[in-house]
Every structure is written in C-alpha cells, then in structure tokens.
Amino acid sequence: MMCRWVSGCILEWTLVLLEQGLLLLIKMGQFFPKERKSIQNLRKTEESIDWLRSWKVTLFSLLEAVPVNLRPLIASISIDGTSATTIIIDSNSGEPLWRPFLYNESCPDALPVVKSIAPANHTVCSGTSTLCKLVSWWNTEGENRESALLLHQADWLLWLLHGKLGLSDYNNALKVGYDPELESYPPWLLSQPYSQLLPSVQAPGTSIGYLKEGIRTEFGFPKDCVVCTGTTDSIAAFLAARATEPGKAVTSLGSTLAIKLLSTSRIEDARFGVYSHRLDDKWLVGGASNTGGAVLRQIFTDEQLEKLSEHIDPMEVSPLDYYPLQVVGERFPVADPKMVPRLHPRPQSDVEYLHGILESIARIEVFKFFTYLSKVSLTQPCDKDSVVCMILRRRDTAC
C-alpha cells in the first residue's frame, strides 16, 4: 500500500498494468501541484479555515498529481479520512448545513445523552465520538433536520467523485454506533429520532460506482474506473505497514498519535479510549492520543522545526517531562476530557524545548501505549532518519 499525507487524508490509486496489481506511490514533496500555496494559506489560522474547500482542493490536486501516462491504467479509487470527522449536509443538494466537526473536537454537551442510550463503555461514550457530534448538532439546530444527512470526511470526498449521497463504510461508521460484527446499526440507535441522518454502510473497498464522467474526462481516467468505499487514516497506515500477524501493532504519527493492534478478539472500553475496527475476519484494537505533530505546529513554524532538529541528538535522552496537547482533553491511553496540556517549564534553548516535546511524545507512545498494546512498529509520514523517528525507535528498542 502506498500513501500520500495531505490535510489528514490519504488518496490511494490501485493501478492495473499487464494484468498485475500495481500501487502508485506519490511521496510527500513529489508531484505537489500548483494549489499547494492556496492549501497552505487555508491552513494558516484554524478559526478562518474553510475545511470543505481545503479538502476539495486537496482531492483534485491529488488527481492532477497523478502522472498523465499512468491515468489510463487506474482501475479504482478509494479515500481514507480522519475517523470521527463529521459533516452534516443537505441530502438533496449536498450543501453543508453546519461547519465540519473535526476528529478531535469534543462535544461534552451531548455526552450525557449518548451515555443514557448506549451500552456502558461503548465506543460512542466519548465526547469526540461521531454520535456525540450528531447529537450536539441535533440539539442545537432547530431547522433542516428533515433533509439532513451525516457523512464522514472520506464519505464526503468520495461523493465528490461518484455523486451518490448517503454511503459510508463500517470503519468510519464505528464511532457513530454502527456494529461491524452484526453489520447493522443497533436497535438502541435506530430508535432515536436522529437515526434518519445515518448513512448506509458497506464494507471498506466496496465498489460504489464509476467515476463521474466530468472528472473522468477532465483527468483522462478510464471509463471503467470505479470509486470504492473508504476507511480511516490510521487503518490505511496499518495496511501500509503490512503487519499481518495477530499481536503486531502500528503507531501512526501525524497531527495526532494513533495505534492499531491486529487481534483475533474485539475489545471495547471507552474509559480508556480503546475500540476495535473490523479488518476482514480480525480486529484492529487501538486508540488515538491528542498528542502529536499538531502540537509542534502550534509552537514552531516548519522552518524552525527543520533548523532546530538539526541540533538535536536523538540518541540523547531529554530530562524534560511534558504531556504535549493542543488544548485540554485526552482520548487515549486514557479518556480524560479534563486533562491539561503540560508544556512547562520551557528552557531558554528552543533546541532543548523541541527535544523535550519530541521525547515526551515518544514517551507516551512507548510507555503509555505499551500498557495496553505491545510489539509496536512505527509508521509515519516523515523521513525514517528524522529526529522524531529516531527518538521513537530508540524508545521502542529500549522498551
């Protein structure tokens, strides 16, 4: 599997060449199209970001980035997105009825309601769950309820390609309450008035239909190119790491830090932020911490990160002990909406400060995650020789 990390999405193309499956890798920095500057401008301040526009620009930038000579060979397209990123749209027009709820956004106002209807310690019993976001919107929005429809990030992006509203996959639908083992929404959820917003669910990778003619013609994709249901970003990262044996796990370091462990058993416990995604006949057990690269972006510029990293010795242990979070609240390895970021004391040296933050992220990955999961292998959208990756490998080895 091959992946390109942009704005929280990975777009994968499956190619068929000489009757053999071929995967196209578009690495970070290669084939990045002319829209790069506009995407960066959109991301400058989170308060002013038009997320839907940003995601749409990114999607079509990726399509444009496929080498022209390879486009006629593409057999299918699927997209993964950040789990629990929620979009409420009009089911007739496809227009958004509310700003997107991002994956790590908490809706504590809806949590008591969700806990009152869901089984104890269910995956949805977390303020960041998709169901909490749906309930929060439902209780806030008095109009447009009858025509509203819930989509996840991957669902919405795929809709732009195939044009059929109301379709999702059972990986993305997990946090809205879908039961992938029974392959249905549970009765306790279907009995709620907002269940009418829930999308139809299929297995990830299921063919939805052909690529829209206008897009196919514009970019030169074949007539029989199909669009398939998607999955989540950390599941795509797990598949990319090719961990096939039960007991093997993968941590994905991006804006946040996620972990998935392949298991023959399904484990769910919202108290610790632990949930299980279905992967064929097995389960991916894991969770996601709010620590990660987004905290670094909040403190340093990309240029500063690059220059400061050159002066860090990743083999040297930093004595600084932080818990790097953007805002109050943690999801995993403990679900604590009141956990306060710990980023002080700050040393005079920015090099030492960055080293301490990276060391602390690695400490969470190793010592916290290993409390629940073991045999972790690392995959992340960065150079294997980068400072953060070397620190993580050192701590993995020590553990």
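These legends accompany several close-up views of a predicted model.

**View 1**
Start with His162, which belongs to helix α5, a helix covering residues 153-162. Is His162 buried or exposed? Its relative accessibility is 8%, and because buried means under 20%, His162 counts as buried. Look around the side chain and you will meet its contacts: leaving aside residues up to four places away in sequence, His162 touches Leu167, Ile208, Tyr210, Lys212 and Val227. Keep Val227 in mind for the next view, where Val227 stands opposite Ile77.

**View 1. Strand β4 and its two partners.**
Here we turn to strand β4, residues 74-81. Seven of its eight residues are buried, so the rest of the structure largely encloses this strand. Which way does β4 pair with strand β10, parallel or antiparallel? The pairing of β4 with β10 (residues 226-228) is parallel and runs over two bridges. Within it, Ile77 faces Val227 of β10. Strand β11 (residues 231-232) also pairs with β4 in the parallel sense, over two bridges. There, Gly81 has Thr232 of β11 as its bridge partner.

**View 2. A salt bridge between Asp302 and Arg297.**
Side chains of opposite charge can pair when their charged atoms come close. The model holds twelve salt bridges, and one of them joins Asp302 to Arg297, with the closest N and O atoms 3.3 Å apart. Asp302 is partly exposed at 47% relative accessibility, and Arg297 is partly exposed too, with a relative accessible area of 43%.

**View 3. Arg342 meets Asp321.**
In this salt bridge, the closest N and O atoms of Arg342 and Asp321 are 3.3 Å apart. Both residues lie in the loop between α10 (302-309) and α11 (350-368), so the pair ties together parts that are 21 residues apart in sequence. The relative accessible area is 36% for Arg342, which is partly exposed, and 43% for Asp321, which is partly exposed as well.

Finally, find the salt bridge in which the side chains of Arg346 and Asp350 meet, at 3.0 Å from N to O. Arg346 counts as partly exposed at 42% relative accessibility, and Asp350 is partly exposed with a relative accessible area of 29%.

Note on methods:
Residues numbered from 1 in each chain as written. Predicted model: local features only at pLDDT ≥ 70, side-chain atom pairs only at ≥ 80, totals over all residues. Heavy atoms only, no water. Helix = DSSP H or I, 4+ residues; strand = E, 2+ residues; numbered from the N terminus. Buried < 20%, exposed > 50% of the residue type's maximum accessible area, 1.4 Å probe, protein only. Contact = heavy atoms within 4.5 Å. Pairing = 2+ DSSP bridges. Salt bridge = Lys/Arg side-chain N within 4 Å of Asp/Glu carboxyl O.
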